[in-house]
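User: I'd like to learn how to read contacts and sheets in a model like this one. Could you walk me through it?

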Amino acid sequence: RHGMAEPLLPADGNAGFLAKGDLNVFHLFQLELYGGEVIFLRKGGGELLYIERNIGERFFVINEKFIGNPLFQAAGICAYALGHSIHGNSHAFRQFLIRIRFPILRQRELDAKKRIFIDAVAPGSPIISRGSVIGRRASRQKGEKQEERKNDDLNVTVKMKEEDYRTLLQKRYGVSLDELLSWYKEEMGRTRNEVFAIAAKLDIPEPAPKTMQEVNEILFRYEGPCDSPQEMLERANEYLKRTRALAHEYVRLPEDESCRCVAVPESCKDSYPWGGYEGGDFSIRPIRGQMFLNTYNYKNVTDGWIKLNSLHEAYPGHHVQYVRAAVDETPETVKIGAKLVPLLEGTCLRTERAFEFLFGEDPFFPLFVAYRRHHASVRICADLMLFYFGVPLEEVVKLYETELGFERGTARGQVQAQQNSPGYFTCYYYGMKKICGWEKEYGFSKKDFTELLFSAGYISMERFGELVRLTPEERERYFHEFSSLLEEKQG
């Protein structure tokens, strides 16, 4: 389908040309293509290749240690399994990367799927092909989780060595530990006060809320969920018409692109309690994207969540990021990205507040947006409590119960998600804070800054800061005069 040679993957699924040394660190990457089946391949040495073909479609590479550049090796193992005889240093491999132009899923999504897959494929299991282990085992997961909670020891700590945590934040995400420590308490207090200030101004018969649990009750009472999954999807697609029209006013987009809302894939229903986004194949036109909502959990997906997702996940949010990565003439290194999470998620967190006026008829939506932003600031505090200060898990669970009004199970789930992905959940608020600071400092209009955010590509906050500080003439050269782009046009 994609111009591949005959299949070259050995019958035993051995992709061992990528594996050497001790196996101890997992790396996940994604290549999005189209297909219609689920394939698992396994090699006894510890490498796992997981190719899932459903909505997007997603090709996950799970390997505990790669030789050389892990990003290139991850793409290489995908290509090898798909029938390409290519190695990391070959011309064919470089051409493969250029042709496919694959994006990387946001780390929170990858980590969730990593855990599901690792749990599903036990050590020593045989090669499995053309069958979904996840699907067959999903029915047992709920009971297993309940049993795990009975044995859950919340008195333990998961503290990391300070230097290890500092290095993880900086090297993987481009987040400064010193910056977080300097302002996390102040920001959490500010976002908390903002929630209660907005709630106090609502024209409702109830007294102004004094706790986050009371805020939650107001949002659920006045901005509650739909009566059925179908109604939820229909409402979301109506909201997408509004957010799409808005995005086309602020960002350069192809006229024929589109994004629709669909039901969450069954294999993802436990990883995405509210919803998410999936792209597609960069080579297919017109460009189509898919936002999904959790139809299994529709009674907890309030109207505020539906509105918010139509902004954050779609317009101008992750869908717009995906579209621009597909159509913009930028170098492949910018499309692949490094330390990209703070800019990607920070941009979409900014979108929620910057464009909440679109739903101006809803007096409760600003409260929901403020609550969501407080959630993002609390997650930084929780991450520091877990990995820097090393407090018992019980204290972090109580943080979520107090600061966000979560019930016990939801609070424990949030903490577990952060245990699985140290540092990742600091990226949302960290990125948003820097982005909004630069927008104000350099005097951009909302429209110009929104276009710049979605023009930047998958880059780190440090690189984006440099981009912001360029003159308009220098930015024009940045976007249109890379030597690789000029050579491609001349060729």
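User: What share of the contacts between residues at least 6 apart in sequence join residues at least 24 apart?

Analyst: A contact means heavy atoms within 4.5 Å. In this chain, residues at least 24 apart account for 74% of the contacts between residues at least 6 apart in sequence. The model is predicted, so local features need pLDDT of at least 70 and side-chain atom pairs pLDDT 80 or more, while totals for chains, interfaces and linings use all residues. Residues are numbered from 1 along each chain as its sequence is written, and side-chain values use heavy atoms, leaving out hydrogens and water.

User: How many helices and strands does the chain have?

Analyst: Helices (H or I, at least four residues) and strands (E, at least two) are DSSP runs, numbered from the N terminus. Here there are 20 helices and 7 strands.

User: What is the strand order in the open sheet of 3 strands?

Analyst: Strands of a sheet pair through backbone hydrogen bonds, either parallel or antiparallel. Two strands count as paired if DSSP finds at least two bridges between them. The order here is S5-S7-S6, with mixed pairing. Strands S5 (258-263) and S6 (275-278) each have a single partner strand, so one side of each lacks a neighbour in the sheet.

User: In which sense do S5 and S7 pair?

Analyst: S5 and S7 (residues 288-293) are parallel, over 6 bridges; Ser 258 has Arg 288 in S7 as its bridge partner.

User: Which helix packs on the sheet?

Analyst: Helix H9 (residues 303-314) does, touching S5, S6 and S7. Axes are lines fitted to C-alpha atoms, for helices over the stretch in contact, with angles from 0 to 180 degrees between N-to-C directions. The direction of H9 makes about 145° with that of S7.
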